[in-house]
Amino acid sequence: MNKDARIYVAGHNGMVGSAIVRLLKKNGYSNIICRSSNELDLKDQAAVNAFFESENPSHVFLAAAKVGGILANNTYRAEFLYDNLMIASNIIHAAYLQKVEKLLFLGSSCIYPKLAPQPLKEEYLLTGELEPTNEPYAIAKIAGIKLCEAYRDQYGCNFISAMPTNLYGPNDNYDLKKSHVLPALIKKFHLAKKNNLPNVEIWGTGSPLREFLYVDDLAEACLHLMLHYNDKLFVNVGSGTDISIKELALKVKDIVGFQGELTFDSTKPDGTPRKLMDVSNLAKAGWTYTIKLDDGIKMAYEDALSEGLLDE
Ligand code: GFB
């Protein structure tokens, strides 16, 4: 990928897409193509085809998606399935029609069966039942992987896929009803400290284990794979270590400086008990994460404070 390659980053306003754009710019890529959802409806196949014809990108990072935490996934089930299926199908098909040189599709660790052995190896895909709270999102992401594989098999397209673990960092969603756990905890502890509240409520039992990756690390992995990885098999992207939600809450509490107690609301779902990625294929491909969880949480907290994302 030359520095003047025409690179389309789908989803550039989101947490992942914006991190990829930041990294590409930092690395001197000068021809980055972006469209907001107001300018281009990725669910509209004709509009997506016309956009690819007029812009003729050579490389595509497919980071556009409807995303959210456990409650949003479980509440907006139709939107998570429809929007993500349409976005993936339209972009992948347009990339094929327009003879895009290389495309990287981004999925999620929730593609794996709920009770798959840990750590999750790529080969465990489609070996069991999915976690019900995010089944629609997972089905759409599995379809994206299969589209990349099928277009490679039938048409010879160099379309690859990366499966990131739970992500956090700048441009995250801090809306407590829709967010993932890490931004939610940062905001809850921040507000509780500011308002001198006695406790902070954590959803579920606190026992599920999750693996986290700072989004700038993910962007580095995506660029690395775009430059160096050309195989059919999708690649897990994570840190290879996990932490319980309770331990995570205590860590965030400490970083934010909240003095009160934790309470657990077991009427809220836990979701999958564990989803730790096996990242050995990524290591073989030549990439390992660098940003440690404590440092990442501090950076995310500072970023959210400076962007005014933690106000009520
Ligand atoms: O991050 P999260 O929403 O998504 O929740 P998943 C992770 C765990 O944190 C769950 C608990 O066990 C939650 O019950 N949790 C505790 C909280 N307090 C909170 C809180 O205040 N907010 C939130 N959101 N969680 C998502 C999938 O699953 O992960 C998506 O639904 C996607 O499809 C994404 O794969 C990466 O890790 O459970």
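Is Y96 buried, partly exposed or exposed, and what is its relative accessible area? Y96 is partly exposed, with a relative accessible area of 25%; the classes are buried under 20%, exposed over 50% and partly exposed in between, for a 1.4 Å probe and protein chains only.

## Basis of the model

This is a predicted model, in which local features need pLDDT of at least 70 and side-chain atom pairs count only at pLDDT 80 or more, while totals for chains, interfaces and linings use all residues. Residues are numbered from 1 along each chain as its sequence is written, and side-chain values use heavy atoms, leaving out hydrogens and water.

Rings of Phe, Tyr and Trp (its six-membered ring) pair if their centres lie within 6.5 Å; planes under 30 degrees apart are stacked, over 60 edge-to-face and the rest tilted. By this rule there are eleven aromatic pairs. F80 and Y137 form an edge-to-face pair, because their ring centres are 5.9 Å apart and their planes stand at 75 degrees. This pair links F80 in helix α4 (residues 77-97) with Y137 in helix α5 (residues 135-155), 57 residues apart; helices are DSSP runs (H or I, at least four residues), numbered from the N terminus. F80 is buried at 1% relative accessible area, and Y137 is buried at 10%.

Y96 and Y155 form a stacked pair, with 3.9 Å between centres and 15 degrees between planes. Y96 lies in helix α4 and Y155 in helix α5, so the pair ties together parts 59 residues apart in sequence. Y155 is partly exposed, at 37% relative accessibility.

## Other ring contacts

Y8, F51 and F52 form one aromatic cluster. K3 lies over the face of Y29, at 4.5 Å from the ring centre; a charge sits over a ring if NZ of Lys or CZ of Arg is within 6 Å of the ring centre and within 35 degrees of the ring normal.

Conventions
Helix = DSSP H or I, 4+ residues; strand = E, 2+ residues; numbered from the N terminus.
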